[in-house]
Amino acid sequence: MLLRWKVLACALVLGSACAAEPPRAGAAGWAAGAPLHPATDTNADPTVVEIDLIAAPARWTFADGRSIDGMAYNGSVPGPVIEAHVGDTLIVHFRNDLDEATTIHWHGIRLPNDMDGAPHSQSPVPPGGTFEYRFTLPDEGTFWYHPHANEPEQMERGLYGAIVVRGDDEPIVDAETVVVLDDLSLATDDTLAPFGGLLEMHGGREGATPIVNGLVTPTVRVRTGERQRWRIVNAGSARIYRLALPGHTFQALGSDGGPWSTPAAMDELYLAPGDRMDVVVDVGTAAGETTSLTAEPYERGHGQGVYAPIELVHLTATNDPALPLLPAIARTRAIEPLDVGGIAPTQITFNESIDAATMTVTFFVNGETYPAVTPIAATVGQTQVWDLVNMSGMIHPFHLHGFFFQVVERDGVPVDERTWEDTIELRGMEHVRIAFRPDDRAGMWMFHCHILEHVAGGMMGVMDLGR
Ligand code: C2O
Ligand code: CU
């Protein structure tokens, strides 16, 4: 799959000169060390990607000799990577072979409301049931899919997968891969720790066993000097990944809603649950040496997220001679700041309460708990300005279904560099102003905290965009 992309990029950017260029490297290191399975496209039409997807119980082997009772799409964790070109139609013949109901939500895709896989979009697919998802992929970028039913358990057990939508102007790299981040919370006997409990329902399930592309700390062979592109997805329940790669700087190309206006150099990357980052790394590790991608501690509030650095992937450089570095990526995209002048913001508060006597924790959006929530009215074609107000001390990553938004200000400080996002971090006691302009896709759209235990606890609301 990666080869296909390289050939395409060559054809577009270098024309016939490409054929003479010897291959510099390749993604073989990732394919061997942290493999993902490509989805099988059964449709001969190059503009249609048609796949069969089955959710079923599966034994998930996450390390040599270590496995759990998982759930998987087409038998693998993560599920198959769906690859397409912007504008393609995606058709998914879905079958639920679990013994509980499920749906598939296409996180970040701007699709029709009845294809969103959310509680207001479809009834859950019962055990043995089927559903056909069919929509076009309007945006380039990295997206993902996951259930919107019993999220804490179905996703912890392995139901998630990545979607890569390529544009016409992709940068030249030596190797490209998807990197899906997760963690497992295991009991001392290496089975899944029981679900629930007050601490987990409150802080979210942040497991101590790091998972990358379904494996514990895989080792990936790389070559000194090669340029790698990583499309990173945070599929974890609660952890905010603060990623570091010692001795390296990331060139961030984009995030949830595709490319940024210009690439940006970053020493660390931050991904809240649900977030994506698209970055390139020029491998600086010397031949025979290893550098580890790490998750650094990140306080989420109430003492959550404080741990010693966790090694996620070992990148070991081969003894091949170093490749000369590629020139910096100069790719630009015009992102016009949305005009929010004169628009009265809609305030949306997020709060939580914990009752030690009854051992219960409750989450609130505007003082209400899903499903007993008052929909937020919005109008197609009109710019919406929402003030997200976190009234609690804990981070609640905010996710809006169906539309990308811009962050306008954080705690009253204007954000000059606009990007398109569908998931952002809303820090403890923070106030974030966002803006978006819903196009013609009417319907009831969800928004919620992407800590899965908080979704289950009711921290979810609905935007009523009419019919
Ligand atoms: Cu990825 Cu409603 O979520
Ligand atoms: Cu939350």
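These legends go with a few close-ups of a predicted model. Local features need pLDDT of at least 70 and side-chain atom pairs count only at pLDDT 80 or more, while totals for chains, interfaces and linings use all residues. Residues are numbered from 1 along each chain as its sequence is written, chains are lettered from A and ligands numbered from 1 in the order in which they are written, and side-chain values use heavy atoms, with hydrogens and water left out.

**View 1. The copper ion (ligand 2) and its donors.** His396 (ND1), Cys449 (SG) and His454 (ND1) coordinate the ion at 2.0 to 2.1 Å. Donors here are N, O and S atoms within 2.8 Å of the metal (3.2 Å for Na, K and Ca); water is not among the atoms, so sites may look incomplete. Along the chain, the spacing reads H-x52-C-x4-H. His396 sits in the loop between β23 (384-390) and β24 (398-400) and Cys449 in strand β29 (residues 444-449), so this pair ties together parts that are 53 residues apart in sequence. Strands are DSSP runs of E, at least two residues, numbered from the N terminus. His396 and Cys449 are both buried, meaning under 20% relative accessible area (1.4 Å probe, protein chains only).

View 2. The model holds 17 aromatic pairs; rings of Phe, Tyr and Trp (its six-membered ring) pair if their centres lie within 6.5 Å, and planes over 60 degrees apart count as edge-to-face. Trp106 belongs to strand β5 (residues 105-107) and Tyr133 to strand β6 (residues 130-136), so the contact ties together parts that are 27 residues apart in sequence. Both Trp106 and Tyr133 are buried.

**View 3. Phe350 and Phe398, another edge-to-face pair.** Here it's 6.0 Å centre to centre, with 80 degrees between the planes. Phe350 is in strand β20 (residues 346-355) and Phe398 in strand β24, so parts that are 48 residues apart in sequence get tied together. Phe350 counts as buried at 1% relative accessibility, and Phe398 is buried with a relative accessible area of 1%. Ring pairs link a cluster whose members include Phe350, Trp386, Phe398 and Trp445.

**View 4. Arg239 over two tyrosine rings.** Arg239 lies over the face of Tyr307, at 4.7 Å from the ring centre, and over the face of Tyr241, at 5.8 Å. The test is CZ of Arg (or NZ of Lys) within 6 Å of the ring centre and within 35 degrees of the ring normal.

Technical notes
Helix = DSSP H or I, 4+ residues; strand = E, 2+ residues; numbered from the N terminus. Buried < 20%, exposed > 50% of the residue type's maximum accessible area, 1.4 Å probe, protein only. Phe/Tyr/Trp six-rings, centres within 6.5 Å; stacked < 30°, edge-to-face > 60°.
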